Amino acid sequence: MAFVAALLLIGGAVFLLVSCVGLLRLPDFYTRAHAVGKAETLGSMLILTGLALYNGASLSSLKLLLILVVIAITNPTATHALTRSALRSGLKIWRAEGKRTQRDLAG
Amino acid sequence: MSAFFLGLTVFIALLFAASLYRIIVGPSVFDRAIGAGLIGTNAILVLVLIGFLYDRIDMFVDLALAYGMLNFIGIVALAKYFERKQGET
């Protein structure tokens, strides 16, 4: 059981690293929100699952799974709220140099 | 396993530096808000791991749960507060 828990913890740490690299390297706010909203949630859920497995069956493990559910609901919701607020505020969307998308041609 | 938990805690704490860079440099206020949200989510994990390190998991798990809910409320309040309609400065 400890081996499976360690595997889950290492996987979660890799996803957290990916989300932080995305936060540093991606070009604009919307792509950064993409990195944080998904990779961060999955990494946190993997780490909490690994910790609950390692802890065994107890009330603390149940609360760990409750934290997992709370993160799974609130983290994407918070990211979505921020992104919608940024879009309504008119924050510019990044585009590659010289590329024209369908939306550009339409408007 | 205790050394493994310690290493994982230090690793997640090092990831705070990336979010701090985005909070300091980030061009728009939304970049800063999302960096703060990332620090909040990582802080939940660090709290739970500290509970495992000190063998007080039953106490720290409650702290982490309360911290997660407060983090969510804070980010949604920031998103609501900084929203401006287009054309309004």
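Chain B has a radius of gyration of 16 Å, whereas a compact globule of 89 residues would come in near 12 Å. That radius is taken over C-alpha atoms, and the globule rule is 2.2 Å times the number of residues to the power 0.38. This is a predicted model, where local features need pLDDT of at least 70 and side-chain atom pairs count only at pLDDT 80 or more, while totals for chains, interfaces and linings use all residues. Residues are numbered from 1 along each chain as its sequence is written, with chains lettered from A and ligands numbered from 1 in the order in which they are written.

**Chain B overall**
- The C-alpha trace of chain B spans about 55 × 25 × 10 Å along its principal axes.
- You'll find three helices and zero strands in chain B, counting DSSP runs numbered from the N terminus (helices: H or I, at least four residues; strands: E, at least two).
- Along the sequence, the pattern in chain B reads α-α-α.
- Buried residues (20 or more other C-beta atoms within 10 Å of their own; exposed is 12 or fewer, partly exposed is in between, with C-beta atoms placed from the backbone) make up 38% of the 89 residues in chain B.
- Of the contacts in chain B with a separation of 6 or more, 52% link residues 24 or more positions apart; a contact here means C-beta atoms, placed from the backbone, within 7 Å.

- α2(B) has 26 residues and should span 38 Å at 1.5 Å a residue, which agrees with the 37 Å between its end C-alpha atoms; the expected span is 1.5 Å times one less than the number of residues.
- Next comes Asp55(B), in the loop between α2 (29-54) and α3 (57-81) of chain B.
- Asp55(B) isn't a glycine, yet its phi is positive, near 60 degrees.
- Most residues other than glycine have a negative phi.

**Leu15(B)**
- Leu15(B) sits in helix α1 (residues 2-25) of chain B.
- Leu15(B) counts as buried because 23 other C-beta atoms lie within 10 Å.
- Beyond its neighbours within four places in sequence, Leu15(B) is in contact with Leu16(A), Leu17(A), Cys20(A) and Asn42(B).

**Where chain B meets chain A**
- The contact takes 39 residues from chain B and 37 residues from chain A.
- On the chain B side, α1, α2 and α3 each give two or more residues.
- α2(B) supplies the largest share of that side, 12 residues.
- By class, the chain B side has 26 nonpolar, seven polar and six charged residues.
- Nonpolar covers Ala, Val, Leu, Ile, Met, Phe, Trp, Tyr, Cys and Pro, charged covers Asp, Glu, Lys and Arg, and the others, Gly among them, are polar.

Conventions. Two residues are in contact if their C-beta atoms, placed from the backbone, lie within 7 Å.
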